[in-house]
Amino acid sequence: MKQQPSQISSLTTYMLSVRDDRDRTAFALLFDHFAPRLKGFIMRSGTGAGQAEEIVQEVMLTIWHKAEQFDPERAQVSAWVYQIARNRQIDVIRKENRPLPEELGEDPSAEPDASQILAVEQEAGQLKDALLKLKPDQRDIIEKAYLGELTHQEISSQTGLPLGTIKSRIRLGLEKLRYELKELR
Amino acid sequence: MTAITHHTPDALLAAYAAGNLPQPFALAVAAHISLCLDCRAAHEAHLVSGGAVLEASKVEAVSEGLKSNVLDLLDAQVVEKKVYQRSGIYPGPVMEALKGKPPRWKSLGMGVRQSILSDGREGSVRLLYIPSGRAVPDHSHNGLELTLVLQGSFSDETGRFGVGDIEVADQSLEHTPIADEGAPCICLAATDAPLRFNSFVPRLLQPLFRI
């Protein structure tokens, strides 16, 4: 398996090994981590266990096949997996293809910047801690929003509640990302 | 590219990240993110929040055999979904809605044209072509309208909208967008209400009466 600076999370390290070396052992470890969480996440929206497992299977296969799109300098593993999971759920349950933004054209040969990867992971870690510290009713609103159970009007009427607080944290970290993206223009 | 000054509101970005926007709005937001780095970053922040919810999800044990199934399938051939690239003024998601072909414009009179991309239960989305000085057709009189400028610009009581800007209008906004001088204004217009045409002509005549 690839050697990464020790501070980078094991999930990111596994994902990079899958992306760069098509490492099946690393993929199996990602499966062990994500499959039960994905199943729990998908079943929360009322999907039965059987269909949830079908979606888990497709999400895990997408992680394998689309690994080259994983960029740890922009997205932390669980954010990337979340997006794949929501897309698959929508494709399966609503029988429609969700419009996706263009991918950013990037230089694939660029060396990964460990400090940037760590910064992204730190943001994500702080966000998860913040989520876990919320009062149950506030946490419930956030979870509902990201499970796709709230309309944009309902999310809009929740402004000032935890969504804004949590997001302002991640926004700070993303200033750097924005600046770098602008350099590319 | 001129600076984008009118962005996608955060609640729409959050609902888009969670996959809970009606299809016409999802297309408008995906197209706007394709053009706007600020909203791309904000969208990615929502994905991180979604990832945190996923990480904090209750763990449900998967059936015995699911893992070996998945591992066995890693080498199976997959059909790659076609990825549409930006073409001229049209961002990738719009090219996908156009199925890779140029828009098929239909005249609405007065030089204004439209090309309907979809029209269904969840609302409609279309491209509009408005010569300078003409009014942007009203999409509907109820519900929410998102208008993303792809070429030229238009102005109304609330400001000027150039390439990449998105206007969010609900029924409370009384406005008359007019295409500015210069190249014809081409925009992507999405609404969650059915298309209505009967109010179109009177509104189109408004700028003439102002002369």
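Me: Why is the pair formed by Glu80(B) and Lys66(A) called a salt bridge?

Reply: In this predicted model, the side chains of Glu80(B) and Lys66(A) meet with N and O 3.4 Å apart, and because a side-chain nitrogen of Lys within 4 Å of a carboxyl oxygen of Glu is what the term requires, the pair qualifies. Glu80(B) sits in the loop between helix H4 (66-73) and helix H5 (92-97) of chain B, and Lys66(A) in the loop between H3 and H4 of chain A, so the pair crosses between chains.

Me: What makes Asp75(B) and Arg24(A) a salt bridge?

Reply: The closest N and O atoms of Asp75(B) and Arg24(A) are 2.5 Å apart, and since the limit is 4 Å, this pair also meets the rule. The count between chain A and chain B is 5 salt bridges, while the count over all chains comes to 16.

Me: Which elements of chain A make up the side that touches chain B?

Reply: Those giving two or more residues include helix H2 (24-44), helix H3 (49-65) and helix H8 (162-184) of chain A, and H2(A) gives the most, with 15 residues. By class, this side of chain A has 36 nonpolar, 11 polar and 21 charged residues.

Me: How do you know how much area is buried between chain A and chain B?

Reply: The size of an interface is often given as the accessible area lost when the parts come together. For chain A and chain B that area is about 6100 Å², with carbon and sulfur atoms giving 61%. Pro99(A), Glu102(A) and His152(A) supply 12% of what chain A buries against chain B, more than any other three residues. In terms of contact, 68 residues of chain A are in contact with 63 residues of chain B.

Me: Why is the aromatic pair of Phe27(A) and Trp64(A) called edge-to-face?

Reply: The ring centres of Phe27(A) and Trp64(A) are 5.4 Å apart and their planes make 75 degrees; because centres within 6.5 Å count as a pair and planes over 60 degrees apart count as edge-to-face, the name applies. Phe27(A) lies in helix H2 and Trp64(A) in helix H3 of chain A, so the pair ties together parts that are 37 residues apart in sequence. The structure holds 6 aromatic pairs over all chains.

Technical notes: Residues numbered from 1 in each chain as written. Chains lettered and ligands numbered in written order. Predicted model: local features only at pLDDT ≥ 70, side-chain atom pairs only at ≥ 80, totals over all residues. Heavy atoms only, no water. Contact = heavy atoms within 4.5 Å. Buried area = accessible area lost by both parts, 1.4 Å probe. Helix = DSSP H or I, 4+ residues; strand = E, 2+ residues; numbered from the N terminus. Nonpolar A, V, L, I, M, F, W, Y, C, P; charged D, E, K, R; others polar. Phe/Tyr/Trp six-rings, centres within 6.5 Å; stacked < 30°, edge-to-face > 60°.
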